[in-house]
Amino acid sequence: MESFFGGLYAFWNQIVYAVSNIRVFDILDILVIALIVYKAIEFLRDSRAGQLVKGLIILLVAYGLATWWELAVLRWLLSIIVDSAVIALAVIFQPELRRILEKVGHTRFGAASTQEGERRLSSCIDEVCKAAAVMQEKKIGALIVFECATQLGEIINTGTIIDAEASTSMTNNIFFPKSPLHDGALIIREGRLYAAGCILPLSQSQHISSQLGTRHRAAIGMTENSDAIVLVVSEETGIISIVKNGEIKRNYNAVSANAELRRYLITPEERKENIVVKSLKRINPLKIKHGANIKAEGKADEKN
């Protein structure tokens, strides 16, 4: 009993010593580590990497049990897997690692950093939303990608560069059913219609509704691998959707889509609010959703 209380007393003295000698940089160090851990957990929870991590944890537990129970063959087999874990992680988590690095290097849209850039982008959003309204009425499918900080050169190379001034008629002509470029995506760079007929990567998420067609899966896949904003018009239902960070929001009209694109591309909330307001919003349990937020769900959409 005396040894137990002696150990407890020694532990308490260590805590008092650590607290009494703590520096401002130590607090900063703790906060940075806590933020990194929080972001890592948030990322794993919202991506398929979470399932892979669970599998790795099971392998490590099995290796520990094999060592404890002296299961020689199983321990040898698991040791080979553990020894090459670093290379395996780099290969398995390649999409996730790329996404993390892109977010770390993320800076807001360079085209909108100047007054001229904002004016051109604002006009482009107006023209695209007018075109979306026409396509919504006529049920013409469309896939429009707004390039942000992440350069989409690889995607652009799969299509045809047009580098044209944004206009309603040009956008409608690109997605007209008889047009040779209507099947692919339209890439908008710096407020201009830069490339059309581009091929986007399909999302590999298992949580996407089977009722969402290839066009919407491509939009989700594009935003999972970049910070781009994608506007989609359903060919079957005419529903306008906006996709950001792998999350799809549906049931927009031309006016609400215009406002949402402006909020994302021109006047992000970070610019408009001071740090106090943002902090209060983060602790507010009530969240306002813009549009009908549907992540990987839909009632009816195109099968093409």
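Tutor: A residue is called buried when its relative accessible area is under 20%, exposed when that area is over 50%, and partly exposed in between, with a 1.4 Å probe and protein chains only. C124 counts as buried because its relative accessibility is 1%. C148 also counts as buried, since its relative accessibility is 7%.

The model is predicted, so local features need a pLDDT of at least 70 and side-chain atom pairs count only at pLDDT 80 or more, whereas totals for chains, interfaces and linings use all residues. Residues are numbered from 1 along each chain as its sequence is written, and side-chain values use heavy atoms, with hydrogens and water left out.

A disulfide is defined as a pair of cysteine sulfur atoms within 2.5 Å. By that criterion, a search of the whole structure finds zero disulfides. C124 is accordingly in no disulfide; the nearest cysteine sulfur belongs to C129 and is 9.0 Å away.

From the cysteines we may turn to D227. This residue is found in the loop between α10 (214-224) and β5 (229-233); helices (H or I, at least four residues) and strands (E, at least two) are DSSP runs, numbered from the N terminus. D227 is buried, because its relative accessible area is 15%. A polar atom of the D227 side chain lies 3.0 Å from the backbone nitrogen of A149. The side chains of D227 and T150 are joined by a polar contact of 3.0 Å. A polar contact is a pair of N or O atoms within 3.5 Å; within protein, one must be able to donate a hydrogen and the other to accept it, and residues adjacent in sequence count only if both atoms are side-chain atoms.

L78 counts as buried because its relative accessible area is 7%. Leaving aside neighbours within four places in sequence, L78 is in contact (heavy atoms within 4.5 Å) with L59, A62 and Y63. L78 and A66 are 12 residues apart in sequence, and their C-alpha atoms are 8.6 Å apart in space.

Finally, the chain as a whole: there are 13 helices and eight strands. Of the 304 residues in the chain, 34% are buried. Among contacts with a separation of 6 or more, 64% are between residues 24 or more positions apart.
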